[in-house]
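Welcome! Take a moment to look over the sequence and the model, and then we will walk through them together.

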Amino acid sequence: MAEGVMTAARIFFYVQHLLGIGHIARASRIANALVEDGFDVTVVTGGLPVPGFPGEGIKTVALPAVVASNAGFSGLADANGRPAGEDFLNARRALLLDAFHAARPDVVIIEAFPFGRRQMRFELLPLLEAIEKAEPRPKLLSSVRDILQENRKAGRDAETAKLVKDHFDAVLVHGDPDFIRLEDTFPLTSEIADRLRYTGLVAPPPAPEPTETFDIIASAGGGAVGAALIGAAKEAAALLPADLRWLLISGPNLPEADFAALSRDAPANVTLVRFRRDFPSLLRGAKVSISQAGYNTVGDLLRTQCRAILIPFVADGETEQTVRAERLQALGLADILPEKGLTSGHVREAVEKALAAQLRGPVLLDLAGAEKTAAIIRSMIAESLA
């Protein structure tokens, strides 16, 4: 951005969600805060469309969608579930690079990479190369959640640290260091410590009073892997007093056959939906929440006094949600149920315990991560112009 030209700084924000909707939801909250702070924001999305995201007033480039071809994230498929072939991926990469050159950004933010999204190296490594060749070169930032997935293959962490040192100006860690620090899940943090910027948790603003109230809300995030959670909650509803009102939110990505099965024979006090845009508001009016322990759902919960029952996602060796749930449990902010072997009896007992518990006190964690991200980026731009 030329000195003296009073135009909004341009931000090019890449986000790829493969299974759930957590990545696109968090990126959208950040993008909204950037727009409100006066930035010109272009969000590049690479996953299936999600209602309400990235949000109004944000320029969007939608690449041809890819999704995880399995729960272990080891392969890519197109929107129809077919393996993503070389021609498809080459065309996608070209569209991404064209979008970058057209945007001429002052700042590029890449969500998750290089700490995650290794499957996207086919287009992200060429993007890094294009950034290095650009005149003027934009600042390059990595945007990562506070808890990383444990790397199980030798050399991966060293590769990540080298990419950060070679290409990235900063790593935006969307967490409160008093809750958890990056080194707790990334062993080589000391090698990139000079690049870290903690933003606080990217939680939503306090929600308005709900227009509809439910006693118990069970939610499955994006829904791609949440059928068992919602099914156990539905069965537990039949075992508990009938005057308790239940809302089951399956998620937009739950397969249609699973949603139809859940709809059959639901108790009269149970409402089943795929998605509720007012989810944060509904949590404010609920007594108990049953959910996985994803970043965004937990952020919503921490804005309320709703009692939390967390069922961390652990399939294919996933560790991130377990770490988050255990930290919250240690602070007295949640109870935990196991994903494996989950039954309606487990859910019933946990709900009975939660209903009998006292309301918890206020949360003392930093929840203003979206706004602080905008402030950090504005400060970095100002320093480069000084």
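How much accessible surface does the protein chain have, and what share of it belongs to carbon and sulfur atoms? The accessible surface comes to about 16,800 Å², and carbon and sulfur atoms account for 53% of that area. Please keep in mind that this is a predicted model.

**The chain as a whole**

Let us begin with the overall picture. The protein chain contains 11 helices and 15 strands. Its C-alpha atoms fill a box of roughly 65 × 45 × 40 Å along the principal axes. A compact globule of 386 residues would have a radius of gyration near 21 Å, and the value for this protein chain, 21 Å, agrees with that. Of the 386 residues, 53% count as buried. Among the contacts with a separation of 6 or more, 74% are between residues 24 or more positions apart.

**A seven-stranded sheet**

Now to the strands. Seven of them form an open sheet with parallel pairing, and their order is β3-β2-β1-β6-β7-β8-β9. At the edges stand β3 (59–62) and β9 (196–198); each has a single partner strand, so one side of each is left without a neighbour in the sheet. On average, neighbouring strands of this sheet are turned by 20° against each other, direction ignored.

Within the sheet, β1 (residues 10–15) pairs with β2 (residues 40–45) in the parallel sense, over six bridges.

Helix α1 (residues 22–36) lies across β1, β2, β6 (107–111), β7 (139–145) and β8 (170–174). Relative to β1, helix α1 runs at about 170°.

| Residue | Relative accessible area | State |
|---|---|---|
| T297 | 15% | buried |
| P206 | 59% | exposed |

T297 counts as buried because its 15% is under the 20% cut-off, whereas P206 counts as exposed because its 59% is over 50%.

Where do they sit? T297 is part of helix α8 (residues 295–302). Leaving aside residues up to four places away in sequence, T297 touches S219, F279, S291 and Q292. P206 lies in the loop between β9 and β10 (216–219). The C-alpha atom of P206 is separated by 33 Å from that of L239, a residue 33 positions apart from P206 along the chain.

Notes:
Residues numbered from 1 in each chain as written. Predicted model: local features only at pLDDT ≥ 70, side-chain atom pairs only at ≥ 80, totals over all residues. Heavy atoms only, no water. Pairing = 2+ DSSP bridges. Helix = DSSP H or I, 4+ residues; strand = E, 2+ residues; numbered from the N terminus. Axes fitted to C-alpha atoms, helices over the stretch in contact; angles between N-to-C directions. Contact = heavy atoms within 4.5 Å. Rg over C-alpha atoms; globule rule 2.2 N^0.38 Å. Buried < 20%, exposed > 50% of the residue type's maximum accessible area, 1.4 Å probe, protein only. Areas by Shrake-Rupley, 256 points an atom, 1.4 Å probe, with all protein chains shown as cover.
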